[in-house]
Amino acid sequence: MVANQISTPGTSPTHRPPWTFLTNHSHVLLAVNENSRARVDDIAATVGITPRATLHILADLEEAGYLERLREGRRTRYVIQPRQHFRHPATAHQEIGVLLAIFVPTDGHLRKESP
């Protein structure tokens with residue numbers, strides 16, 4: 001399938017617009033929400049960006065208070081702060097946990113941390 005096409009089961013591929021609704025910052029946050037102990041390389045692969053860009057985004061998110069990095073031996077665990085509000089004035093009244101909840105399995109709870 002061509003990179004700018006999407007397909008759903010039982011349908012033919014359709015062309016994908018050249019833009020997305022979510023930024024790379026959002027995608028990194030979603031990847032961390034999925035696995036709080038994910039390695040930078042794994043987050044980068046999930047999002048489709050370089051590890052270096054991933055590190056910059058993680059630093060941005062940490063500096064803004066959206067997540068906290070905790071060292072556990074040689075590994076890092078990320079703790080998301082779901083009660084932080086969006087930065088854009090049009091959505092600043094909403095907490096980021098609302099966005100994360102959209103992408104969580106049907107139990108409706110944010111993932112805490114991986115075992």
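How many helices and strands does the protein chain have? The protein chain has 4 helices and 4 strands, where helices (H or I, at least four residues) and strands (E, at least two) are DSSP runs numbered from the N terminus. This is a predicted model, in which local features need pLDDT of at least 70 and side-chain atom pairs count only at pLDDT 80 or more, while totals for chains, interfaces and linings use all residues. Residues are numbered from 1 along each chain as its sequence is written, and side-chain values use heavy atoms, with hydrogens and water left out.

**View 1. Overview of the protein chain.**
Read from the N terminus on, the elements follow the order β-β-α-α-α-β-β-α. Of the 115 residues in the protein chain, 27% are buried, where buried means under 20% relative accessible area, exposed means over 50%, and partly exposed lies in between (1.4 Å probe, protein chains only). Among contacts between residues at least 6 apart in sequence, 36% join residues at least 24 apart, a contact being heavy atoms within 4.5 Å.

**View 2. The packing of helix α1 on helix α3.**
Two packed helices are described by the angle between their axes and the distance between the axes. The axes of α1 (residues 24-34) and α3 (residues 51-63) come within 10 Å and cross at roughly 85 degrees; axes here are lines fitted to C-alpha atoms, for helices over the stretch in contact, and angles run from 0 to 180 degrees between N-to-C directions. The two helices α1 and α3 are therefore roughly perpendicular to each other, given that angles under 35 degrees count as roughly parallel, over 145 as roughly antiparallel, 65 to 115 as roughly perpendicular and the rest as oblique. On the α1 side the contact involves Asn-24, His-25, Val-28, Leu-29 and Val-32, which meet Ile-57, Leu-58, Asp-60 and Leu-61 of α3. Sorted by class, the contact of α1 with α3 comprises 6 nonpolar, 2 polar and 1 charged residues, with Ala, Val, Leu, Ile, Met, Phe, Trp, Tyr, Cys and Pro counted as nonpolar, Asp, Glu, Lys and Arg as charged, and the others, Gly among them, as polar.

**View 3. The packing of helix α2 on helix α3.**
Helix α2 (residues 40-47) packs with α3 at an angle of about 100 degrees, and their axes are 8 Å apart. Helices α2 and α3 are therefore roughly perpendicular to each other. Val-40, Asp-41, Ile-43 and Ala-44 of α2 make this contact together with Pro-51, Thr-54, Leu-55 and Leu-58 of α3, and by class the contact of α2 with α3 has 6 nonpolar, 1 polar and 1 charged residues. Ala-45, also placed in helix α2, is exposed, with a relative accessible area of 63%. The C-alpha atoms of Ala-45 and Ala-31 are separated by 10.0 Å, the two residues being 14 residues apart along the chain.

Strands β3 (residues 67-72) and β4 run antiparallel and are joined by 6 bridges, two strands being counted as paired if DSSP finds at least two bridges between them. Glu-68 has Val-79 in β4 as its bridge partner, and Glu-72 stands opposite Arg-75 in β4. The hairpin has 2 residues between the strands, and in it Gly-73 takes a positive phi near 65 degrees.

Arg-77, which lies in strand β4 (residues 75-80), counts as buried at 12% relative accessibility. Its side chain is joined to that of Glu-72 by a polar contact of 2.6 Å, a polar contact being a pair of N or O atoms within 3.5 Å, for which, within protein, one must be able to donate a hydrogen and the other to accept it, and residues adjacent in sequence count only if both atoms are side-chain atoms. Arg-71, found in strand β3, is exposed, with a relative accessible area of 60%. A polar contact of 2.8 Å joins the side chains of Arg-71 and Thr-76, and a polar atom of the Arg-71 side chain lies 3.3 Å from the backbone oxygen of Arg-74.

**View 4. The surroundings of Ile-80.**
Ile-80 lies in strand β4 and is buried, with a relative accessible area of 15%. Leaving aside neighbours within four places in sequence, Ile-80 is in contact with Leu-29, Val-32, Asn-33, Tyr-66, Leu-67, Ile-96 and Leu-100.
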